[in-house]
Amino acid sequence: MSDASTILDQLNDRSREVFRRVVEGYLATGDPVGSRTLTRDFSEKISAATIRNVMQDLEYLGLLGSPHISAGRVPTQDGLRMFVDGLLEVGGLEDTDRELIDATVTSNSSDVTGMLDRIGSALSGVTRSASLVLAPKHEAPIKHIEFVSLGHDRALVVLVFADGHVENRLFTPPPGQTPSSMREAANFLNSLVEGRTLSDMQRRIAREIAARRQEIDQLAHALVESGLAVWQDEGDNQERLIVRGRANLIDAGVDETDLERIRILFDDLERKRDIAEFLDRADEGDGVRIFIGSENKLFSLSGSSLVVSPYMNADRKIIGAVGVIGPTRLNYGRIVPIVDYTAQLVGRLISDRSER
C-alpha cells in the first residue's frame, strides 16, 4: 500500500467520513460496520447503496476488509495505522483514571519493583487490558562481581554496587564452562569495575574484548557476555519485565484462535524474548507510540496492539517503558493519555528516589 498519509490526503470528504465512522464503530463494538448503520447519522443524506460503493473503494485501497460476504466492513491493519496517524482524536486524561493510578504510589517504600508492580496492576485495571512495565536497570557504580556455578546449565552472577545494592542474576552459561574460566571472567571484570556502572562496563568490556581477544579464554569470553547480557528470570526480586492483567485479554470475548494467539504472546513475554525491543523502539521518538499487530515482531503472532511510552530519569535519559497490550480494537483515544501520564509519573518517582 502507498504511504498512508498520501492516501488519506487523496480521500474526499465523504470517503474520509465513511472510513472514520467504520473505524470508530469497530473500535467501539468489535463488530463489522454496515452501510445501513452509517446512514442513520451521516453528515449528509445519502443512500446505503452510495455508502456501500464508498466502502468498496476503501476496501480496494486496502483500508477496509470484509470478514464475511454479507457482513459489514472492518479496518485492516493498514487502515488502523492510517486512522491512528491521521484521524485519531486523543482525549484528555479523566480524573477518575488519574486518581486510580495516583492511589498506587502513596507508599513511601523504597522498593522500586514493588511500586512498578502496583502501577502495572493499576494500569491494567484502568484500561481493562494487560499492562507491561519495563523496570529500570540499577545504574549505580559496581563494587564487585562474582560468578557462581549452580550446575552444568545454570549459573549466578552476583553484582555488588557501591551504594550497597546487591543483585543476583541467573543465566545459562556457555557449554563446557569450568571453575577456572569463571574465575578468569570475574577477575577480568573486577579489574575494570572501579567507579563504573553496568552500562559503562558493558561498553568498556566490548572494547577490551576486541583489543585483548587473544588474552581471554574463549569460554571466559562467552561467560562474560552471557552473564551481563541476560535479563533476570521471572520471579526474581529484581524482575525487569512486569506483565499484569492477562485475564483482561482472555475475558474480551475472544474465540479459540485468538486465545491461542494470546497464549503465544504471553509465552513469548514470559520467556523475555525481544524485551529490549520495547525500549529500543520507544527510544526512536518522544512520547507515546502505537504498534499494531505485525508492526512489532513480538506481537506478530498475537494480533495484538501495544501502546507504549518510555520514561526518563532526572537526566532525561530513557531508562524503562510502560505500556498497554490489547486487541487491535483498543480505545486508542483513551489509552494514549493514560499511558502518557503513567510514564511521566513513573519517571518522576524514579527521579525522586534517586535524589534521596
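A: The chain has 14 helices and 10 strands, and 46% of its 356 residues are buried.

The largest nonpolar core holds 55 residues. Those that touch the most other members are Val-18, Phe-19, Leu-58, Leu-116, Val-307, Tyr-311 and Tyr-332. Helix α14, residues 332-354, gives this core its largest share, 11 residues. Val-18 can be followed in detail: leaving aside neighbours within four places in sequence, Val-18 is in contact with Leu-38, Phe-42, Val-54, Met-55 and Leu-58. In soluble globular proteins, nonpolar side chains tend to be buried together.

As for aromatic rings, the structure holds 0 aromatic pairs. A charge does sit over one ring: Arg-98 lies over the face of Tyr-341, at 5.5 Å from the ring centre.

On confidence, the mean pLDDT of the chain is 76, and 71% of the residues reach 70 or more. Residues 227-239 have pLDDT below 50, yet this stretch has 36 contacts in the model beyond near neighbours in sequence. The pLDDT is also below 50 over residues 272-276, a stretch with 13 such contacts. Where pLDDT is low, the predicted coordinates should not be read in detail.

Notes
Residues numbered from 1 in each chain as written. Predicted model: local features only at pLDDT ≥ 70, side-chain atom pairs only at ≥ 80, totals over all residues. Heavy atoms only, no water. Helix = DSSP H or I, 4+ residues; strand = E, 2+ residues; numbered from the N terminus. Buried < 20%, exposed > 50% of the residue type's maximum accessible area, 1.4 Å probe, protein only. Phe/Tyr/Trp six-rings, centres within 6.5 Å; stacked < 30°, edge-to-face > 60°. Lys NZ or Arg CZ within 6 Å of the ring centre and 35° of its normal. pLDDT = per-residue confidence, 0-100. Contact = heavy atoms within 4.5 Å. Core = buried A, V, L, I, M, F, W, Y, C linked by side-chain atoms within 4.5 Å.
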